[in-house]
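Visitor: I'm new to this one. Can you walk me through it?
Guide: Gladly. Here it is.

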Amino acid sequence: MNKHFTVFIPYLSDRQVDVNINELKKTGLCSDIFILFLEYPLKNFDGCKSIIIDSISSSETVRVIESLTKTDYIIFLNEAVELYLFPHALTKFFQTAEETNAGLLYSDYYSTKNETKEQHTTIEYQMGSVRDDFNFGPLIIINKQRLGEAIKECSENYKYAGFYETRLALSRKLPIKRISEFLFSTIENKDTNKLEKQFDYVDPSNEEIQKEMESALTGHLKKINAFLEPNFEEVNFENNFNVVASVVIPVLNRKKTIVDAINSVITQKTDFIFNLIIVDNYSTDGTSEVIDSFAKKDCRIIHIFPERTDLQIGGCWNEAVEHPQCGKFVVQLDSDDLYSNEDTLQRIINKFHEDNCGMVIGSYFLTDFSFKKIPPGIIAHKEWTFENGRNNALRINGLGAPRAFYTPLVREIKFPNVSYGEDYAISLAISRKYKIGRIFEPLYICRRWEGNTDTDISIERENENNFYKDKIRTDEIIARQKMNKIKVKK
């Protein structure tokens, strides 16, 4: 039987490695098996070779894997889990690799953690799948020859972003192929979190990791002609608005939180005229009556219902922005949340003029329903820079809150009529031409509770969300490539 695969397994425990070795040897398709250790002492496993690596995702580890591989394909376990292969799983991987000439392959799988078994369907890889936390699952198949070619395009020596840079290089020339079958199952060790994983990009302790990831993406964007130089168009702020700022709250059935949200707006202290546009998406729990009680007392509160009853959050935002009483700037407030200070609105509008921005984004505290701070606390997105922020924005899943926009730009671009990622899509589109201003001190309290739409979502919903944002990135990359071509022609 031909041995098609060289195997690389990260060490966490003897049991985890023994299970993986037994499973892979049973197939008869694996040649050398290497056990990857992050520290001494090395342990010898029968018939395997042990090596020390500096990091499971470093450039050096990628190069070592390529140099030690004598077969056509590599099996790389990027997580320390117990692996149980379905019958003929490796044959399926091999046949698909040969048929498609893929540089990298991955599949759906099952996982068991704390005695709970779940289906992990993965999502298709596309041009916009450039975020560093794309989930391939714990088992990846890599074409050895293509890996060598990709390494030649990787000039940096990263400790954390080596694999990320390499798979971006692979994606530029070859298909990254998902097999939509469940080809294996895993059991996660309770100590798995001790191994390196993709880290939370808002954690200041991971600044070095984030800088490496940003550098790797920047290099990729330059190679595919989607990189944007820090040259921005000027924003000419119009004066034909009766109101300077409108706070916009789309709402559906938030009787429990809408009072706090409204109060945090009407108590704002500013040197300009502002109003509050609440787009009520036909609430049925008494929310509408609560809003009406405020609107009767305060003429700044505009309570509207869309003509349609099938709008998503983005569609509701468009309703507010097109309203004749909408201000020159629109400022976001979710119906669960509230502003943290009475000067929040003033600071946001000042920022537009200070930096000549098409959009401004603040920072927020994360709390529970009772306003008790919960980890990680302040979300400030300090990774942002004027010079490269709009490029790095393609790597991460969100840009922060609260968000504010120059109204004529939103009227031109429009929010997509969805209830997830609508803000991300329009932010990327605005950043393509205009500067985004940042306020890194917290202006906003974001509450997480059982009624939130993003609380405890299923794998299926998470996949749907991630695929949509990857699609947004795909469209944005294509738009930036087109824009760069036009600049070259000029």
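**Rings, cavities and a covered helix**

Guide: Start with a charge over a ring: the charged end of Arg447 sits over the ring of Phe369, 4.7 Å from its centre. Keep in mind that this is a predicted model.

Visitor: Which ring does Lys43 lie over?
Guide: Lys43 lies over the face of Phe45. The distance to the ring centre is 5.5 Å.

Visitor: And how many aromatic pairs does the structure hold?
Guide: There are 24 aromatic pairs. One of them joins Tyr11 and Phe45. That pair is tilted, with 6.2 Å centre to centre and 50° between the planes.

Visitor: Where do Tyr11 and Phe45 lie?
Guide: Both lie in loops. Tyr11 is in the loop between β1 (5-10) and α1 (14-26), and Phe45 is in the loop between β2 (30-37) and β3 (49-52). So the pair ties together parts that are 34 residues apart in sequence.

Visitor: Is Phe45 buried or exposed?
Guide: Phe45 is buried, at 7% relative accessibility, because the cut-off for buried is under 20%. Tyr11 is partly exposed, with a relative accessible area of 24%.

Visitor: What about Tyr106 and Phe136: how are their rings arranged?
Guide: Tyr106 and Phe136 form an edge-to-face pair. The centres are 5.1 Å apart, and the planes make an angle of 85°.

Visitor: What does the pair of Tyr106 and Phe136 tie together?
Guide: Tyr106 lies in strand β6 (residues 104-113). Phe136 lies in the loop between β7 (116-120) and β8 (139-143). The pair therefore links parts 30 residues apart in sequence. Both Tyr106 and Phe136 are buried.

Visitor: New topic. How many cavities of 30 Å³ or more are there?
Guide: The structure holds 4 of them.

Visitor: What lines the largest cavity?
Guide: The lining is Ile56, Thr61, Val62, Ile65, Phe76, Ile142, Leu147, Phe163, Thr166 and Leu170. Helices α2 (59-68) and α5 (162-173) each supply at least two residues of that lining.

Visitor: What classes are in the lining of the largest cavity?
Guide: It has 8 nonpolar residues, 2 polar and no charged ones.

Visitor: And the second largest cavity, what is its volume?
Guide: About 60 Å³ of space lies in the second largest cavity. Its lining is made up of Ser59, Val62, Arg63, Ile151, Cys154, Glu156, Gly162, Glu165 and Thr166. Here too, α2 and α5 are the elements that give two or more residues.

Visitor: Now helices. How many residues of α13 are buried?
Guide: Helix α13 (residues 422-431) is mostly covered, with 10 of its 10 residues buried. Among them are Glu422, Asp423, Tyr424 and Leu428.

Visitor: Last stop. Where does Thr186 lie?
Guide: Thr186 lies in strand β9 (residues 176-188). Thr186 is buried, with a relative accessible area of 3%.

Visitor: What does Thr186 touch?
Guide: Leaving out residues up to four places away in sequence, Thr186 touches Val81, Glu82, Leu83, Tyr109, Tyr110, Ser111, Thr112 and Pro138.

Methods: Residues are numbered from 1 along each chain as its sequence is written. This is a predicted model: local features need pLDDT of at least 70, side-chain atom pairs count only at pLDDT 80 or more; totals for chains, interfaces and linings use all residues. Side-chain values use heavy atoms; hydrogens and water are left out. Rings of Phe, Tyr and Trp (its six-membered ring) pair if their centres lie within 6.5 Å; planes under 30 degrees apart count as stacked, over 60 as edge-to-face and the rest as tilted. Helices (H or I, at least four residues) and strands (E, at least two) are DSSP runs, numbered from the N terminus. Buried means under 20% relative accessible area, exposed over 50%, partly exposed in between (1.4 Å probe, protein chains only). A charge sits over a ring if NZ of Lys or CZ of Arg is within 6 Å of the ring centre and within 35 degrees of the ring normal. On a 1 Å grid over the protein atoms alone, a cavity is a set of points where a 1.4 Å probe fits but cannot get out, and a pocket is an open set with protein on both sides within 12 Å along at least five of seven lines; lining residues have an atom within 4 Å of a point. Grid points are joined across faces, edges and corners, and a volume is the space filled by probe spheres set on the points. Ala, Val, Leu, Ile, Met, Phe, Trp, Tyr, Cys and Pro count as nonpolar, Asp, Glu, Lys and Arg as charged, and the others, Gly among them, as polar. Contact means heavy atoms within 4.5 Å.
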